[in-house]
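I opened the notebook to write down what I looked up, one topic at a time. The sequence and the structure come first, and my entries follow.

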Amino acid sequence: MKTLRLIYACMMMSVCMAFAACNDDDDVNVSNEKLVGTWSVIEDAYNFKEDGKVVDSGTDRYNEGEWTFTLNADGTCAVMEDGYTDHGNWSAKGNKITFTIYDESVTITVVEFSSSKMVIEYRDSYTEDGIKYDDYEKMTLKKS
């Protein structure tokens with residue numbers, strides 16, 4: 001009976017360690033070559049908090065081409081939304097994509113990736129005028 005308990009305890013520890021060691025974000029690995037092209041935002045789920053209280057939350061859906069990210073092989077990019085286009089640079093490493101536009105850098109996390117679909121997450125926390133802001137967005141994009 002003591003042996004069975006020991007085996008059971010070892011199995012449970014192994015399962016716990018396996019779950020603790022796995023991080024879904026680590027499974028996604030993208031490269032610049034795979035990302036080159038135009039990606040349309042299809043869905044944007046967001047949750048914005050001020051001092052811990054949700055001030056805006058929801059999910060917006062977009063038609064293909066309405067909001068796009070064009071990633072060029074030379075590391076330049078264009079973001080088009082509401083008829084306005086901003087230009088900048090981008091790079092990818094592991095499951096992170098960094099955009100630099102107007103001397104501001106933003107890093108997003110790719111949580112799902114295929115040749116035609118990408119799901120990204122963006123988190124930002126900052127304090128301004130004594131108010132703590134916590135922003136979260138999860139976007140689904142389709143390659144055009």
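**Strand pairing**

I began with strand 1 and strand 9, which run antiparallel and are joined by 11 bridges. I noted that strands (E, at least two residues) and helices (H or I, at least four) are DSSP runs, numbered from the N terminus, and that two strands pair if DSSP finds at least two bridges between them. Within this pairing I found Ser40 with Lys142 of strand 9 as its bridge partner.

Before going on I recorded that this is a predicted model, in which local features need pLDDT of at least 70 and side-chain atom pairs count only at pLDDT 80 or more, while totals for chains, interfaces and linings use all residues. Residues are numbered from 1 along each chain as its sequence is written, and side-chain values use heavy atoms, with hydrogens and water left out.

I then turned to strand 2, which is joined to strand 1 by eight bridges and runs antiparallel to it; here Asp44 stands opposite Asp60 of strand 2. The two strands form a hairpin with two residues between them, and Asp51 in the turn has a positive phi of about 50 degrees. Strand 3 also pairs with strand 1, in the antiparallel sense and over four bridges, and in strand 3 I found Thr70 as the bridge partner of Thr38.

**Salt bridges**

How many salt bridges does the structure hold? I found four, a salt bridge being a side-chain nitrogen of Lys or Arg within 4 Å of a carboxyl oxygen of Asp or Glu. In one of them the side chains of Arg61 and Glu43 meet at 3.3 Å, N to O. This pair links distant parts of the chain, since Arg61 lies in strand 2 (residues 53-61) and Glu43 in strand 1 (residues 37-50), 18 residues apart. Arg61 is exposed because its relative accessible area is 61%, where exposed means over 50%, buried under 20% and partly exposed in between (1.4 Å probe, protein chains only); Glu43, at 26%, counts as partly exposed.

Lys142 forms another salt bridge, with Glu64, and the closest N and O atoms are 3.3 Å apart. Here too distant parts of the chain are linked, with Lys142 in strand 9 (residues 131-143) and Glu64 in the loop between strand 2 and strand 3, 78 residues apart. Lys142 is partly exposed at 39%, and Glu64 is partly exposed at 45%.

**Two residues in their surroundings**

Is Thr68 buried or exposed? Thr68, which lies in strand 3 (residues 67-71), is buried because its relative accessible area is 9%. Leaving aside neighbours within four places in sequence, Thr68 is in contact (heavy atoms within 4.5 Å) with Thr38, Trp39, Ser40, Ala78, Val79 and Met80.

Asn89 lies in strand 5 (residues 84-93) and counts as partly exposed, because its relative accessibility is 43%. Beyond four places in sequence, Asn89 touches residues including Gly75, Cys77 and Phe99.

**Confidence**

The protein chain averages 85, and 81% of the residues score at least 70. Among the elements, strand 2 has the highest mean pLDDT (98) and helix 1 (residues 2-21) the lowest (36). Over residues 1-25 pLDDT stays under 50, and the model has three contacts beyond four places in sequence for them. Where pLDDT is low, the predicted coordinates should not be read in detail.

Terms used
pLDDT is the predictor's confidence in each residue, from 0 to 100.
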